[in-house]
Amino acid sequence: MGLWKYGNKEVSQEEINRAVKALQKDVCFHCGIGKHTDQCPIFNLIIEINNLKSANQPPDSEH
Ligand SMILES: [Zn+2]
């Protein structure tokens, strides 16, 4: 299990997964719960985190 750098913080995979889950479930002022649009800053943050994850994953861990 690796560590990712986000800004100047190091975060574990568990922390990233927890953050993404929280972001997906949390109240969003732009869209409904779990239905973020691509205009949504929360959605864009989720994408950014997922990109960060996949950028640091070995290439054989695709799903
Ligand atoms: Zn949203």
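What is the mean pLDDT of the protein, and what percentage of its residues reach 70 or more? In this predicted model, the mean pLDDT is 76, and 75% of the residues reach 70 or more.

**Figure 1. Confidence in strands β1 and β2 of the predicted model.** Strand β1, formed by residues 3–6, has the lowest confidence, with a mean of 78. Confidence is highest in strand β2, formed by residues 9–12, where the mean is 86.

**Figure 2. Packing of helix α1 against helix α2.** Helix α1 spans residues 13–25 and helix α2 spans residues 41–56. The two helices pack at an angle of about 160°, and their axes are 10 Å apart. Because angles over 145 degrees count as roughly antiparallel, α1 is described as roughly antiparallel to α2. The crossing in which α1 passes α2 is left-handed.

**Figure 3. Residues at the contact of α1 with α2.** Helix α1 contributes I16, A19, V20, L23 and Q24. These residues meet I42, L45, I46, I49 and K53 of helix α2. By class, the contact comprises eight nonpolar residues, one polar residue and one charged residue.

Figure 4. C28 and F43 are separated by 15 residues in sequence, and their C-alpha atoms are 9.5 Å apart in space.

Conventions. Residues are numbered from 1 along each chain as its sequence is written. This is a predicted model: local features need pLDDT of at least 70, side-chain atom pairs count only at pLDDT 80 or more; totals for chains, interfaces and linings use all residues. Axes are lines fitted to C-alpha atoms, for helices over the stretch in contact, and angles run from 0 to 180 degrees between N-to-C directions. Helices (H or I, at least four residues) and strands (E, at least two) are DSSP runs, numbered from the N terminus. Angles under 35 degrees count as roughly parallel, over 145 as roughly antiparallel, 65 to 115 as roughly perpendicular and the rest as oblique. A crossing is left-handed if the near helix is turned anticlockwise from the far one by less than a right angle, and right-handed if clockwise. Two residues are in contact if their C-beta atoms, placed from the backbone, lie within 7 Å. Ala, Val, Leu, Ile, Met, Phe, Trp, Tyr, Cys and Pro count as nonpolar, Asp, Glu, Lys and Arg as charged, and the others, Gly among them, as polar. pLDDT is the predictor's confidence in each residue, from 0 to 100.
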